[in-house]
Amino acid sequence: MTNGSNAGTIPVTVVSGPLGAGKTTLLNRVLDDPGGRDVAVIVNDMGEVNVDADRLARSAEEGDDPGIVDLSNGCICCRLQDDLVTEATRLAETRSFDVLLVESSGISEPIPVARTFLEGAEEGEIDPTDHYHLDTMVSVLDAYGFWKEFDAGASLPDDAEPDADRPLADVLIQAIEFCDVLLCNKSDMVPDEQLDEIEATIRTLQSRAEIVRTTYADVDPSLVLDTGRFDFTAATRSAGWKRALADENGDDDHNSDSHGGHDHATDRSAAEEHGVTSFVYTRERPFHPERLDDWLDTWTGNVIRAKGVFQLAGREAVMGLDQAGPAVQAGPIGEWDAEDDRRTRLVFIGSDLDETRIVEELDDCLVNDTELGSDESFDDPFPS
C-alpha cells in the first residue's frame with residue numbers, strides 16, 4: 001500500500017504499549033508468520049523478550065546481518081533516539097528486507113518515536129526518510145490492566161506496572177491516543193460487558209484507530225504490516241480532548257480527518273450507552289493557586305482523562321493540566337501571546353461523570369471578587 005511519495009522506501013511499523021501488554025508476543029507472532037515478508041526488527045529494552053534471533057539469522061546468507069537489533073538502557077523516544085536512526089539506517093544499507101518492525105519500550109511515548117522516522121533525531125545528521133516511511137503505529141493495550149487501572153480498589157496484574165516515573169494510566173492513555181491500529185489484548189481475561197465499556201471508552205479517547213480484540217496478540221500480519229494507514233495530521237487530531245475542544249469552539253476541521261469509515265454518531269451513542277461522556281469546563285476568571293492545588297490532590301470521580309490550559313492568579317504563564325486516571329500533572333507550559341484567548345479550557349472524559357459536581361468544585365477554586373481586586377500575593381504551590 002505504498003503511495004507515490006513513499007515509492008522505493010521501506011514501510012515502518014512501530015509497536016507501543018505498556019509493559020506486559022503483549023508487544024513482544026505480537027513480534028513473535030509476526031516473525032512466526034510474516035505473510036511472505038522479510039521483516040527486520042529493532043527492539044527497545046528487551047528484558048525478558050523471547051524474540052528468536054535465529055529465526056531471521058537462518059533466513060540470511062552467511063555473513064549477512066541477521067536483522068534484529070537490541071537497543072537497551074534507555075528509551076528510543078529520548079535517550080536512544082539517535083541510536084534508533086543510526087541502527088535503522090545501518091540495517092537499510094547492509095540488508096535487504098520488506099518491512100521494519102520497531103518495538104518501543106513500555107515507557108516510551110509514541111509521538112517522539114513517530115517523529116524520529118519523519119524527521120530524524122534532534123541532533124542527528126542522518127535523514128531516515130531516505131530509506132523509510134512511517135507506515136503504521138500499533139498500540140497493544142492490556143485490556144485486563146486497563147480495566148483494573150480504572151476500577152478503583154482493584155488490584156493490577158503483576159506485569160502491568162511500568163517504571164515508577166511513568167504511571168500505568170499515563171502509558172495506557174498515551175498508547176490509545178496516538179495509533180492507527182489498537183490491539184485490545186488479553187481480551188479473554190475480561191468479561192464481555194466490561195470489554196464493551198473499554199471499547200466505548202477507547203472510542204471516546206481515540207476515534208480513528210482500528211480496534212481489534214486479541215488473545216496472545218494473535219492477528220493476521222497484514223493488519224500491522226505495510227497497511228498504509230499512518231496519517232500524522234489525522235493522528236495528532238484524533239485525541240478525544242482535542243476533538244472536544246474543537247466541538248466547544250465550533251471548529252469542524254477535525255471532521256475532515258480520515259476515520260476509516262468510523263461513524264461519530266454511532267460511537268458517541270455507544271459511549272453514552274456505557275456511561276462514557278465528556279465535557280469542557282471554560283471560565284475567564286483565574287484559579288486561586290492553593291484551592292486548586294488542594295482540589296487536584298483530593299479530587300474524586302470517574303475521570304479517565306483530563307487535559308487543557310488554565311489561568312492561575314499571580315501567574316502570567318500558561319498553565320497546563322494533564323491527567324490520566326490517578327496520574328495528574330499541572331504546571332507552566334509557556335507564555336500567553338498577545339492574541340491568545342486566555343480563558344481556562346479543560347476537557348474531562350470519563351465514565352458516569354458527575355459534571356455538575358466537578359463544575360461546582362472547580363468554580364469554588366476560582367478567585368472571588370475580593371481576591372481579584374486586592375493587591376495581596378498568593379501562596380503558589382505549583383512548579384515554576
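**Surface, burial and charged pairs**

Modeller: The protein chain exposes about 17500 Å², and carbon and sulfur atoms supply 41% of that area. Accessible areas come from the Shrake-Rupley method with a 1.4 Å probe, and for residues only the protein chains shown count as cover. This is a predicted model, in which local features need pLDDT of at least 70 and side-chain atom pairs count only at pLDDT 80 or more, while totals for chains, interfaces and linings use all residues. Residues are numbered from 1 along each chain as its sequence is written, and side-chain values use heavy atoms, with hydrogens and water left out.

Biologist: What percentage of the residues in the protein chain is buried?

Modeller: Buried means under 20% relative accessible area, exposed means over 50%, and partly exposed lies in between (1.4 Å probe, protein chains only). Of the 384 residues in the protein chain, the buried share is 53%.

Biologist: How many helices and strands does the protein chain have?

Modeller: Both are DSSP runs numbered from the N terminus: helices are H or I with at least four residues, strands are E with at least two. The count for the protein chain is 13 helices and twelve strands.

Biologist: What length does helix 7 reach from its first C-alpha to its last?

Modeller: Helix 7 covers residues 192-205, and its buried residues include Leu 195, Ile 198 and Ile 202. The expected span of a helix is 1.5 Å times one less than its number of residues. For the 14 residues of helix 7 the expected value is 20 Å, and the helix comes close to it, reaching 20 Å.

Biologist: How many disulfides does the structure hold?

Modeller: A disulfide is counted where a pair of cysteine sulfur atoms lies within 2.5 Å. Cys 184 is buried at 0% relative accessibility, and Cys 365 is buried at 5%. The number of disulfides in the structure is zero.

Biologist: Which residue meets Asp 218 in a salt bridge?

Modeller: The N to O distance in this pair is 4.0 Å. The pair links distant parts of the chain, 189 residues apart: Asp 218 is in the loop between strand 7 (210-213) and helix 8 (232-237), and its partner is in helix 1 (residues 23-32).

Biologist: Is Arg 305 buried or exposed?

Modeller: The side chains of Arg 305 and Asp 322 meet in a salt bridge at 2.5 Å, N to O. Arg 305 is in strand 9 (residues 303-310) and Asp 322 in strand 10, 17 residues apart. Asp 322 is partly exposed at 22% relative accessibility. At 4%, Arg 305 is buried.

Biologist: Which residue of strand 11 stands opposite Asp 322?

Modeller: Two strands pair if DSSP finds at least two bridges between them. Strand 10 (residues 317-324) and strand 11 (residues 327-335) pair in the antiparallel sense over eight bridges. They form a hairpin with two residues between them, and Gly 325 in the turn has a positive phi of about 60°. Opposite Asp 322 stands Gln 329.
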